[in-house]
Amino acid sequence: MIKVIASLLLICGLALSQSPWSNCGGANDLFQIKTLYFSPNPPIIGQNVTIVMSGSLSQTITSGNLQLVLQYYEIWWHTVLNTNIDICTVDPSVSCPFNAGPYSFKYSLPIPTTVDGETVPSGDYRGTAVFTTGQTQIACVNYNIELDS
């Protein structure tokens, strides 16, 4: 699942404030996130960022979806990404089914300098990642990030 969250960061990467992410899920979520961190901190445009997440999955997941929303702040919040991803196809080394139990994932990816011919700007970003299987929420993460150049 960490590579799914890493997909959120493909456009902008993460940088630390006190805690750049919060759990927007609840006690009934199937995946209870214990830790989520990244390095370097703050991430730098044009370099790799490594994301590490750990937690516990309460039941086996055979399929699922990730809805990603990413916004960039320039006078007001602009949506730069709103997409859905099949969680079973994101990470070739960890595929469905995801069996119940503890998980720790580590993933590195480059932070691009351009996206669709546009320079990736430094600045404030926010977003949400909602993982679901059918109508059941697996996990939810809100994040607020600052990307450095």
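Entry 1: I began at Y125, which is buried at a relative accessible area of 3%; buried means under 20% relative accessible area, exposed over 50%, and partly exposed in between, with a 1.4 Å probe and protein chains only. I note that the model is predicted: local features need pLDDT of at least 70, side-chain atom pairs count only at pLDDT 80 or more, and totals for chains, interfaces and linings use all residues. Residues are numbered from 1 along each chain as its sequence is written, and side-chain values use heavy atoms, leaving out hydrogens and water.

I searched the whole structure for aromatic pairs and found 3. Rings of Phe, Tyr and Trp (its six-membered ring) pair if their centres lie within 6.5 Å; planes under 30 degrees apart count as stacked, over 60 as edge-to-face and the rest as tilted. Y72 and Y125 make a tilted pair, with 4.9 Å between centres and 50 degrees between planes. Y72 sits in strand β4 (residues 65-74) and Y125 in strand β9 (residues 123-133), 53 residues apart. Y72 is likewise buried, at 13%.

**Entry 2: elements and sheet.** I listed 1 helix and 10 strands; these are DSSP runs numbered from the N terminus, helices being H or I of at least four residues and strands E of at least two.

I then traced an open sheet of 5 strands, in the order β1-β10-β9-β4-β5 with antiparallel pairing; two strands pair if DSSP finds at least two bridges between them. Its edge strands are β1 (21-23) and β5 (76-86), each pairing on one side only. The twist averages 15 degrees from one strand to the next, with axes as lines fitted to C-alpha atoms and angles running from 0 to 180 degrees between N-to-C directions. Between β4 and β5 I recorded 10 bridges, and E74 stands opposite W76 in β5.

**Entry 3: disulfides.** The sulfur atoms of C24 and C140 are 1.8 Å apart, and the link is left-handed, with -90 degrees about the S-S bond. C24 lies in the loop between β1 and β2 (31-39) and C140 in strand β10 (residues 136-147), so the pair ties together parts 116 residues apart in sequence. C24 is partly exposed at 30%, whereas C140 is buried at 6%.

C88 is joined to C96, S to S 1.8 Å, and this link is also left-handed, at -75 degrees. C88 counts as buried at 17% relative accessibility. In sequence order, the bonded cysteines pair 1-4, 2-3.

Terms used: Disulfide = S-S within 2.5 Å.
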